[in-house]
Structure formats: C-alpha cells, structure tokens
Amino acid sequence: MPTTNTSGRRKTAVARIYLTAGSGAITVNGKDYKDYFPTLPLQYIVTQSTEVSGSTGQFDVKANVAGGGVKGQAEAVRLAIAKAIVELDAEKKPALRAKGIMTRDDRMVERKKPGRKKARKRFQFSKR
C-alpha cells in the first residue's frame, strides 16, 4: 500500500499526516501520540477516526502538527486521519460523517475590537 498524504485543520492548527499500512503506531512531531497529547481525552480524540471506521491497528500514522493549542492540534489530526481513511475506503465515510468527524470545524476566535477589552467585553463603567 502506498503512503496516503492528507491534511486537517482546526482553529489555527494544521496537521499534515502520512498514513501507511502497519500496526497502528501514531507519531506526532517525532513523538508517540501518548507523549505529545498527555491527557486521555486528547488521546481519544486522536484515535477516534480509526475506532469509528473500524480500522484500529491497521495503519501507521506520522503527523506533523503546527500552530494553535493542543486541543486544536488533536482535532486537526483527527480530521486528517479521517480524510485519509475515506481516501482509501469510501465505504467508511457514512460512519465517520454520522459522528461529525468528516466536517471541518471552521469556528475561529473573534478578533479584538478597538475600545474594548476583548472581542465583546467592555471596560468597566462606573458612574459616580
């Protein structure tokens, strides 16, 4: 099986993955995914695509991730893995789509506005 190359994005995080046939090893930026994503919820997010599609332990994943925070990076890896699995076997797409894994979550942080503390929060007003 040749290497399948896809990418996934979430917020400002971008994940590029290389999927090959193998034993199920997932490497993120040169580290094991359990070392890179130390908490169980993040580890579950990364492996969710393979579990839902029923291909756990069939593919080796090498991921390069940049930008964003750890949660966004984990979700970017999940989307990239799902896209690669669908590229290899299109019959697994309905199961992944039903769980909402195939949809790219396009929500981003709203920009800060001038004269405000954050995007919508105002400075404290005190009338004495």
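Which residues is Ser49 in contact with, leaving aside its neighbours within four places in sequence? Ser49 is in contact with Arg78, Ile81, Ala82, Ile85, Leu96 and Ile101, where contact means heavy atoms within 4.5 Å. Before going further, note that this is a predicted model, in which local features need pLDDT of at least 70 and side-chain atom pairs count only at pLDDT 80 or more, while totals for chains, interfaces and linings use all residues. Residues are numbered from 1 along each chain as its sequence is written, and side-chain values use heavy atoms, with hydrogens and water left out.

Ser49 sits in helix α2. Helices (H or I, at least four residues) and strands (E, at least two) are DSSP runs, numbered from the N terminus. With a relative accessibility of 0%, Ser49 counts as buried; buried means under 20% relative accessible area, exposed over 50%, and partly exposed in between, for a 1.4 Å probe and protein chains only. Ser49 and Phe37 are 12 residues apart along the chain, and their C-alpha atoms are separated by 16 Å.

The axes of α2 and α3 come within 8 Å and cross at roughly 15°, which makes α2 roughly parallel to α3. Here axes are lines fitted to C-alpha atoms, for helices over the stretch in contact, and angles run from 0 to 180 degrees between N-to-C directions. Angles under 35 degrees count as roughly parallel, over 145 as roughly antiparallel, 65 to 115 as roughly perpendicular and the rest as oblique. The crossing of α2 past α3 is right-handed, a term used if the near helix is turned clockwise from the far one by less than a right angle, with left-handed for anticlockwise.

On the α2 side, the residues that meet α3 are Leu42, Ile45, Val46, Gln48, Ser49, Thr50 and Ser53. Their partners in α3 are Val70, Lys71, Ala74, Glu75, Val77, Arg78, Ile81, Ala82 and Ile85. The residues of this contact divide into nine nonpolar, four polar and three charged. In this count Ala, Val, Leu, Ile, Met, Phe, Trp, Tyr and Cys and Pro are nonpolar, Asp, Glu, Lys and Arg are charged, and the others, Gly among them, are polar. Pro41 also lies in helix α2, but is exposed, with a relative accessible area of 56%. From Pro41 to Lys71, 30 residues away in sequence, the C-alpha to C-alpha distance is 9.3 Å.

Next comes the core. A nonpolar core is a set of buried Ala, Val, Leu, Ile, Met, Phe, Trp, Tyr and Cys residues joined through side-chain atoms within 4.5 Å. The largest one has 23 residues, of which Ile17, Val28, Phe37, Val46 and Val77 touch the most other members. Two or more residues come from each of β2 (13-21), β3 (26-28), α1 (33-36), α2 (40-53), β5 (59-66) and α3 (70-88). The largest share, seven residues, is that of α3. Another core, of five residues, lies apart from this one and includes Ala82, Leu96, Ile101 and Met102. As for Phe37, its contacts beyond four places in sequence are Val28, Leu42, Gln43, Val46, Val70, Gln73 and Ala74.

Most residues other than glycine have a negative phi. Lys11, which is not a glycine, has a positive phi of about 50°. Lys11 lies in the loop between β1 (4-10) and β2 and, at 43% relative accessibility, counts as partly exposed. Asn29 likewise has a positive phi, near 50°. Asn29 is placed in the loop between β3 and β4 (31-32) and is partly exposed at 31% relative accessibility.

Thr12 is also in the loop between β1 and β2, and is exposed, with a relative accessible area of 54%. Beyond four places in sequence, Thr12 is in contact with Ala66, Gly67, Gly68 and Met108.
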